[in-house]
There are 2 protein chains.
Amino acid sequence: MQFANDFVVNRRSGGVSGMDEMTEAKLWTNPCPFAFRLNYLALRYNTPCYGWVQKTEGLSRIEYVVIYSIALCEGGQARDIAHSSGFPKNSLSRAMAKLEKEGLIYREQDESDRRNQSLYLTENGRALFDRTVAVFEMREREMLDGLKEDELKTLSNLLAKVVLNCAPLSDEIPDSFNPQEAGKTET
Amino acid sequence: MQFANDFVVNRRSGGVSGMDEMTEAKLWTNPCPFAFRLNYLALRYNTPCYGWVQKTEGLSRIEYVVIYSIALCEGGQARDIAHSSGFPKNSLSRAMAKLEKEGLIYREQDESDRRNQSLYLTENGRALFDRTVAVFEMREREMLDGLKEDELKTLSNLLAKVVLNCAPLSDEIPDSFNPQEAGKTET
DNA sequence: CTTATTTAGTTCCATATAGAACTTGACATC
DNA sequence: GATGTCAAGTTCTATATGGAACTAAATAAG
C-alpha cells in the first residue's frame with residue numbers, strides 16, 4: 001500500500017519519542033496523518049482539562065462546554081452550541097437544565113421569536129469560568145511550548161485557513177460513495 | 001456585531017465564512033484558539049466519516065478504530081489501541097469481541113507473555129479496510145484543499161512538532177491546581 | 001517458596017447518551 | 001385565517017458507555 005502524502009514524515013526511528021509502535025504508526029505512516037494528529041492532540045488536551053473540571057467543579061464535559069460557549073458569546077443560543085460543539089441538542093437541553101438549576105446560567109426568551117432563548121451566565125457562572133479557564137489556557141500553552149513565536153503564528157494561520165476552507169463543506173457523504181472515484185483529482 | 005480581534009488572526013470580515021456568531025467567536029476570540037480549532041476540525045472530519053462507515057458497513061466508530069489501528073499496526077495489542085485512541089479498554093474489549101465474531105479480526109495469544117494478545121485482520125477485515133479507507137482519505141484531502149503544497153508541508157511539520165512536544169507531558173492536572181500560578185513561567 | 005504489585009484484558013452494572021417522537025412557535029401559501 | 005412546513009427545544013426510552021471490580025499472568029520483594 002502506498003502512502004504518498006505530504007503529511008508522512010520520515011520519523012520511524014523506532015521509539016525516539018518514547019511512544020508505542022502503534023501510536024508511532026498512526027502518526028507517521030497513516031493514510032490520514034492530518035486527521036490523526038488532530039484527534040491525538042485534541043485528546044491530549046481534552047482528557048486532562050475536562051477531567052480536571054469534573055473533579056474540581058463537578059461539571060461534565062458538556063456542561064462545561066455550555067459555560068464556556070456562553071462566556072465567549074453572551075446571549076447565544078442552544079442551537080449555536082450544538083453546531084459549534086457537535087453535541088446533540090437533547091443532551092445540551094439536559095445540561096442547560098442542570099446548570100440553570102444550579103444557578104450558573106439563565107435563559108431569556110427572545111421576544112421577537114419566542115422559540116429562541118438567549119443564554120447568559122449568572123455571576124456564579126462567570127466566576128466559575130474565570131477561575132477555571134486558566135487551566136485550559138495553561139494546557140494549551142504547555143502543548144505549544146516547543147514552538148517559536150513565528151512558528152506559532154504560522155500554525156495559527158494555517159489552521160485558520162483550513163477552518164475557513166472547511167466551513168462550506170457538506171458533512172454528508174452519500175451512502176453510495178464509490179471509493180474508486182476518490183483518487184481522482186477534483187476541480 | 002464586532003469582535004475585538006486581539007488574537008492571532010485578522011479575519012473578522014463579518015460573516016464572510018457564513019458561520020454563526022458563536023462559532024466565529026470560538027474561532028477568533030477564544031482564550032484557547034488552538035484547542036478549539038483542533039476540536040472543530042476533528043469534528044468536521046469524524047462526523048461525516050464515521051457516520052458513513054456506520055451507514056455503509058454497520059460498524060460503530062470504536063469498531064472501525066480497531067480495524068484501522070490493526071491495519072496500520074499489524075500484531076498490535078488492545079492496550080495500544082486504548083492508548084492511541086483514548087477509548088477505555090473495556091469498550092475496546094467489547095468491540096473486539098464483536099469484530100472477532102463477525103470474522104473481521106482474530107487474536108493470537110503471545111507465547112512469551114500470555115496476558116498479551118496480538119491483533120490481526122482477517123482477509124475480510126483487510127478487504128473492509130481497503131474499500132473504506134478511501135473515504136477517509138478523500139475527506140482529509142477535501143479539508144486541506146485550500147492549502148498550497150508548501151503550506152501543507154509546513155502545517156504537517158508544525159503539527160508533528162507539537163505532537164512530539166506533547167508526548168512526554170503528563171495528563172494529570174493536580175486537583176489543587178492554582179490558577180494564580182498558571183501565568184508564571186514554569187522551568 | 002510464599003506474598004505483594006503490576007499489567008492485560010474481561011465482566012458487571014448503574015448511568016450517560018443520543019435517536020425519535022413530540023411540543024410550541026414562526027412563517028409561507030392559498 | 002386555515003393548513004402545511006420548518007425550526008428550536010424538550011421529553012421519552014432503549015442502548016451504548018465507561019468506572020469499578022474481577023481474573024489471570026508476570027514480576028518483584030521478603
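Me: Where does A:Arg114 touch DNA strand C?

Reply: In this predicted model, a backbone N or O atom of A:Arg114 lies 3.0 Å from a phosphate oxygen of DNA strand C. That is a polar contact, a pair of N or O atoms within 3.5 Å; within protein, one must be able to donate a hydrogen and the other to accept it, and residues adjacent in sequence count only if both atoms are side-chain atoms.

Me: Before we go on, what are the numbering and the limits of the model?

Reply: Residues are numbered from 1 along each chain as its sequence is written, while chains are lettered from A and ligands numbered from 1 in the order in which they are written. Local features need pLDDT of at least 70, side-chain atom pairs count only at pLDDT 80 or more, and totals for chains, interfaces and linings use all residues, with side-chain values based on heavy atoms and with hydrogens and water left out.

Me: Back to DNA strand C. Which residues are closest?

Reply: DNA strand C is surrounded by 18 residues, and the closest are A:Asn90, A:Arg115, B:Arg79, B:Ser93 and B:Arg107. A residue is near a strand if one of its heavy atoms lies within 4 Å of it. Of the atoms of DNA strand C that come within 4 Å of the protein, 55% are accounted for by sugar and phosphate.

Me: What does A:Arg115 reach there?

Reply: An N or O atom in the side chain of A:Arg115 is 2.5 Å from a base nitrogen of DNA strand C. From the other chain, a polar backbone atom of B:Gln117 is 3.3 Å from a phosphate oxygen of DNA strand C.

Me: Which elements supply that surface?

Reply: Two or more residues each come from α5 of chain A and from α4 (78-85) and α5 of chain B. The largest share, four residues, belongs to α5(B). Helices (H or I, at least four residues) and strands (E, at least two) are DSSP runs, numbered from the N terminus.

Me: And DNA strand D, which residues come nearest?

Reply: Among the 18 residues around DNA strand D, the nearest are A:Arg79, A:Lys89, A:Ser93, A:Arg107 and B:Asn90. A polar side-chain atom of A:Arg79 lies 2.7 Å from a phosphate oxygen of DNA strand D.

Me: Which base contacts are there on DNA strand D?

Reply: One involves B:Arg94, with a polar side-chain atom 2.8 Å from a base nitrogen. Another involves A:Arg115, where an N or O atom of the side chain is 3.5 Å from a base nitrogen of DNA strand D.

Me: How do the residues near DNA strand D divide?

Reply: Three are nonpolar, seven polar and eight charged. Here Ala, Val, Leu, Ile, Met, Phe, Trp, Tyr, Cys and Pro count as nonpolar, Asp, Glu, Lys and Arg as charged, and the others, Gly among them, as polar.

Me: Changing topic: how many residues form the contact of chains A and B?

Reply: Chain A gives 98 residues and chain B gives 99 residues, with contact meaning heavy atoms within 4.5 Å. The two chains bury about 9,100 Å² between them, 67% of it on carbon and sulfur atoms. Buried area is the accessible area (1.4 Å probe) that two parts lose on being put together, summed over both.

Me: How many salt bridges cross it?

Reply: The rule finds eight, a salt bridge being a side-chain nitrogen of Lys or Arg within 4 Å of a carboxyl oxygen of Asp or Glu. One of them joins B:Asp171 and A:Arg139 (2.8 Å, N to O). On the side of chain A that touches chain B, α2(A) supplies the largest share, 19 residues.

Me: How are the two copies related?

Reply: Chain A superposes on chain B by a rotation of 180 degrees with 0.0 Å of shift along its axis (RMSD 0.1 Å), so the copies are related as by a two-fold rotation axis. The superposition is by least squares on the C-alpha atoms of residues with pLDDT of at least 70 in both.

Me: Which residue of chain A comes closest to the axis?

Reply: A:Leu38, at 2.8 Å (C-alpha).
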